[in-house]
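Here is a set of questions about how the labels on a model follow from its numbers. Take a look at the structure, then read on.

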Amino acid sequence: GPGEVTVRQSAAGLNFIDTYHRTGLYPVKFPFTPGQEGAGAVQEVGEGVTHLKPGDKVAYLGSGTYTTHFTGPADRMILLPDEILPQDAAAVLLKGLTAWALLFEIRPLQAGEIILVWAPVGGVGSLLVPWAASLGARVIAVTSTEAKAEKAKALGASDVIVGYEGVAAKVKELTGGRGVDVAYDSVGKISAQESLSSLRPRGWFVTYGNASGPVDPIPPGRLTQGGSLIMTRPSLFNFIPDADSLARGAGLLFSALKSGTIHADIGQRFPLSEAAKAHEAIESGTTTGATVLVP
Ligand code: NDP
């Protein structure tokens with residue numbers, strides 16, 4: 001249609017949110033096609049589209065990308081620099097923009113600050129950890145296995161806690177009793193209280209995901225008890241409401257990829273026809289880096 005572009009997709013990125021749409025944790029309207037991000041080559045452009053042409057490589061966020069072709073508004077398509085392959089872009093656009101919003105938009109991270117990062121080698125985590133470390137933050141990571149702990153260290157974590165028990169006590173020990181400035185928590189149900197108890201007074205609890213289930217209600221008094229804590233539950237889509245904010249985030253993300261600060265780490269590739277297996281893999285907690293579906 002007018003103002004639209006059809007893309008032949010090289011890949012669709014898999015995100016945890018796709019599993020929430022499937023299970024109904026986040027309700028959707030039917031008919032529904034899953035998938036929130038993708039990338040590929042422009043095949044056709046609609047009337048009035050002047051800045052894109054067939055053959056251009058683009059990436060985008062949009063609903064319904066578990067497909068061979070995706071049609072969406074041209075002004076939400078991001079033209080890829082030559083250095084960034086479409087499959088890599090499909091792997092990191094949503095997760096990398098999330099890391100950007102966490103580090104730069106919600107509360108700009110400062111050099112010398114100490115942060116706690118859960119799921120440090122997952123889709124978002126594997127971008128968040130090196131990016132935060134490059135800004136001069138000290139990263140304390142929490143993960144489930146020794147193998148993942150090694151990977152977290154290689155990504156730039158200075159300390160890694162293995163296992164989800166007693167995290168706050170270990171954080172206090174590692175920080176000489178002070179606590180961290182920010183806890184970036186994507187695990188949710190089983191981690192929220194440990195995150196809150198890991199913070200210094202006036203620290204920030206950034207609860208941005210539910211990999212273990214949604215967070216139980218937290219009364220305001222719990223924030224007072226921790227020392228005037230600040231809690232936020234961000235959603236990426238509120239940080240990219242228009243083409244300008246999207247371009248700003250994507251610009252910083254692509255610069256970080258080009259400079260080698262962060263890498264598109266595709267840990268798993270599945271044919272699109274095996275999307276169900278890809279969901280089982282991410283829900284089992286065994287994946288590392290990003291997962292893509294290839295049509
Ligand atoms: P990940 O690749 O991080 O996978 C989830 C990881 O969470 C696992 O690998 C595991 O890491 C950890 N985990 C802990 N407990 C469980 C459990 N019970 N089941 C499964 N995993 C568990 O996923 P993503 O990077 O794609 O997403 C992470 C979270 O961030 C999701 O909840 C997602 O919805 C959210 N998110 C939120 C956004 C927003 O805008 N707010 C945007 C993007 C993602 P480990 O073994 O290291 O503990």
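Q: What do the domain bounds in this model come from?
A: Domain bounds come from an automatic or database domain assignment. For this chain, which is a predicted model, the assignment gives domain 1 as 4-93 + 241-294 and domain 2 as 111-233.

Q: How far apart are the C-alpha centres of domain 1 and domain 2?
A: Those centres lie 27 Å apart. The contact takes 17 residues from domain 1 and 14 residues from domain 2, where contact means heavy atoms within 4.5 Å.

Q: What area is buried between domain 1 and domain 2, and what share of it do carbon and sulfur atoms give?
A: About 1100 Å² is buried between the two domains, and carbon and sulfur atoms give 61% of that. On the domain 1 side, Thr261, Ile262 and Thr288 supply 33% of the area buried against domain 2, more than any other three residues.

Q: What makes the pair Lys151 and Asp265 a salt bridge?
A: The closest N and O atoms of Lys151 and Asp265 are 2.7 Å apart. The cut-off is 4 Å between a side-chain nitrogen of Lys or Arg and a carboxyl oxygen of Asp or Glu, so the pair is called a salt bridge. The count between domain 1 and domain 2 is one salt bridge. Side chains of opposite charge can pair when their charged atoms come close.

Q: How many residue pairs are in polar contact between domain 1 and domain 2, and which helices supply residues to the domain 1 side?
A: Eight residue pairs are in polar contact, counting pairs with both residues at pLDDT 80 or more. Helix H1 (16-23) and helix H8 (243-258) each supply at least two residues of the side of domain 1 that touches domain 2. H8 gives the most to that side, with three residues. By class, the residues of that side divide into ten nonpolar, six polar and one charged.

Q: Why is Ser191 called buried?
A: Ser191 has a relative accessible area of 0%, and buried means under 20%, so the label applies to Ser191. Ser191 is found in the loop between strand E9 (180-185) and helix H6 (192-197). Leaving out residues up to four places away in sequence, Ser191 touches Trp118 and Asp185.

Q: How do you know that Arg22 and Glu283 form a salt bridge?
A: Their closest N and O atoms are 3.2 Å apart, and the limit is 4 Å, so the pair qualifies. The pair links distant parts of the chain, with Arg22 in helix H1 and Glu283 in helix H9 (residues 275-283), 261 residues apart.

Q: Why are Arg22 and Glu283 called partly exposed?
A: Arg22 has 48% relative accessibility and Glu283 has 38%. Partly exposed lies between the buried limit of under 20% and the exposed limit of over 50%, so both residues get that label.

Q: What makes Glu274 and Lys277 a salt bridge?
A: The closest N and O atoms of Glu274 and Lys277 are 3.9 Å apart. The cut-off is within 4 Å, so this pair counts too. Glu274 is partly exposed at 31%, and Lys277 is partly exposed at 47%. Elsewhere, salt bridges that share partners join Arg178, Asp181 and Arg200 into one network. The structure holds eleven salt bridges.

Q: Why is Arg202 called exposed, and what is its phi?
A: Arg202 has a relative accessible area of 61%, and exposed means over 50%, so Arg202 is exposed. Its phi is near 65 degrees, a positive value in a residue other than glycine. Arg202 is in strand E10 (residues 199-207).

Definitions and conventions
Residues numbered from 1 in each chain as written. Predicted model: local features only at pLDDT ≥ 70, side-chain atom pairs only at ≥ 80, totals over all residues. Heavy atoms only, no water. Buried area = accessible area lost by both parts, 1.4 Å probe. Polar contact = N/O pair within 3.5 Å; in protein donor to acceptor, adjacent residues only side chain to side chain. Helix = DSSP H or I, 4+ residues; strand = E, 2+ residues; numbered from the N terminus. Nonpolar A, V, L, I, M, F, W, Y, C, P; charged D, E, K, R; others polar. Buried < 20%, exposed > 50% of the residue type's maximum accessible area, 1.4 Å probe, protein only.
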